[in-house]
Amino acid sequence: MKLVLRIFFVLAIAAAASAQQKPASAAGGGSLFFPRNFIWGYSQFDVAPPHNEPDPNLCAANAGDFGGKNAPCNAFARYMLSGYVEVHPFARTQLRRLLFFGAPTFLFGKNIPHTLYTWSPDAIGWERSWGAGIEIGRGFEMRVTQHFLFQRFGARDRYLGPADLGANGPWGRYNVIGVRKYFGHREPD
């Protein structure tokens with residue numbers, strides 16, 4: 001788990017640094033690939049207070065009825081680490097409208113509603129989606145997104161007793177085609 005997180009952050013930092021170093025002009029016949037600022041995104045860390053834990057829908061809400069504080073199904077999160085990365089790899093031609101994106105969310109904790117509230121950083125698992133899109137003008141994008149099943153980590157990657165709801169996670173697995181509309185403009189500080 002720690003290795004996955006390290007790789008994720010190292011790749012994001014390396015790509016951002018590379019984007020800042022590339023001399024590029026999309027207009028004057030410059031490089032076709034990797035224009036200036038071709039990658040952007042964010043990372044976010046969240047902490048949930050007791051009695052408000054995020055529920056990845058792996059365990060039933062009454063999991064405490066199946067063992068109390070020692071119930072094996074205790075996959076209610078305390079911490080979330082998430083991010084979004086968007087890559088525009090082309091600088092020229094109509095390909096400059098093409099983009100690729102990914103959005104992972106890692107969950108950590110060991111809690112059971114109404115029964116057990118801890119500050120444990122035990123890894124629960126991650127959900128992720130990725131896809132591609134194309135800018136179609138006037139603030140619109142058309143996107144194709146693939147969302148994967150929730151992937152459990154470590155000791156939670158097995159049957160967790162009668163309160164275990166299975167592997168589908170919060171949204172299950174799906175593919176969608178969508179249209180996104182951007183509005184407004186945020187000025188830099």
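Start by selecting Ser82, which is buried, with a relative accessible area of 14%. Here buried means under 20% relative accessible area, exposed means over 50%, and partly exposed is in between, using a 1.4 Å probe and protein chains only. You'll find Ser82 in strand S2. Helices (H or I, at least four residues) and strands (E, at least two) are DSSP runs, numbered from the N terminus.

Before moving on, know what you're looking at: this is a predicted model, where local features need pLDDT of at least 70 and side-chain atom pairs count only at pLDDT 80 or more, while totals for chains, interfaces and linings use all residues. Residues are numbered from 1 along each chain as its sequence is written, and side-chain values use heavy atoms, with hydrogens and water left out.

Which residues touch Ser82, leaving aside its neighbours within four places in sequence? Select Tyr42, Ser43, Gln44, Asp46, Pro104 and Thr105 to see them. Contact means heavy atoms within 4.5 Å.

**Zoom out**

Switch to cartoon view and you can trace one helix and seven strands. From the N terminus on, the order is α-β-β-β-β-β-β-β. Of the 189 residues in the protein, 35% are buried. Take the contacts between residues at least 6 apart in sequence: 65% of these join residues at least 24 apart.

**Stop at the disulfide**

Now pick Cys59 and Cys73, which form a disulfide with their sulfur atoms 2.0 Å apart. The cut-off for a disulfide is a pair of cysteine sulfur atoms within 2.5 Å, and a search of the whole structure finds one. Both cysteines are in the loop between S1 and S2, 14 residues apart. Is Cys59 buried or exposed? Cys59 counts as buried because its relative accessible area is 1%, and Cys73 is buried too, at 1%. The link between Cys59 and Cys73 is left-handed, with -95° about the S-S bond.

**Into the core**

In the largest nonpolar core, which has 16 residues, Leu58, Cys59, Ala63, Cys73 and Ile124 touch the most other members. A nonpolar core is a set of buried Ala, Val, Leu, Ile, Met, Phe, Trp, Tyr and Cys residues joined through side-chain atoms within 4.5 Å. Apart from this core lies another one of five residues, including Tyr79, Leu81, Phe106 and Phe153.

**Rings to finish**

Next, show the aromatic side chains: the structure holds 10 aromatic pairs. Rings of Phe, Tyr and Trp (its six-membered ring) pair if their centres lie within 6.5 Å; planes under 30 degrees apart count as stacked, over 60 as edge-to-face and the rest as tilted. Phe45 is in strand S1 (residues 39-47) and Tyr79 in strand S2 (residues 79-87), 34 residues apart. Phe45 is exposed, at 52% relative accessible area, whereas Tyr79 is buried, at 14%. For a cluster, select Phe33, Phe34, Phe38 and Phe90.

Last, look for charges over rings. A charge sits over a ring if NZ of Lys or CZ of Arg is within 6 Å of the ring centre and within 35 degrees of the ring normal. The charged end of Arg78 is over the ring of Trp119, 4.7 Å from its centre. Finish at Arg143, which lies over the face of Phe101, 4.4 Å from the ring centre.
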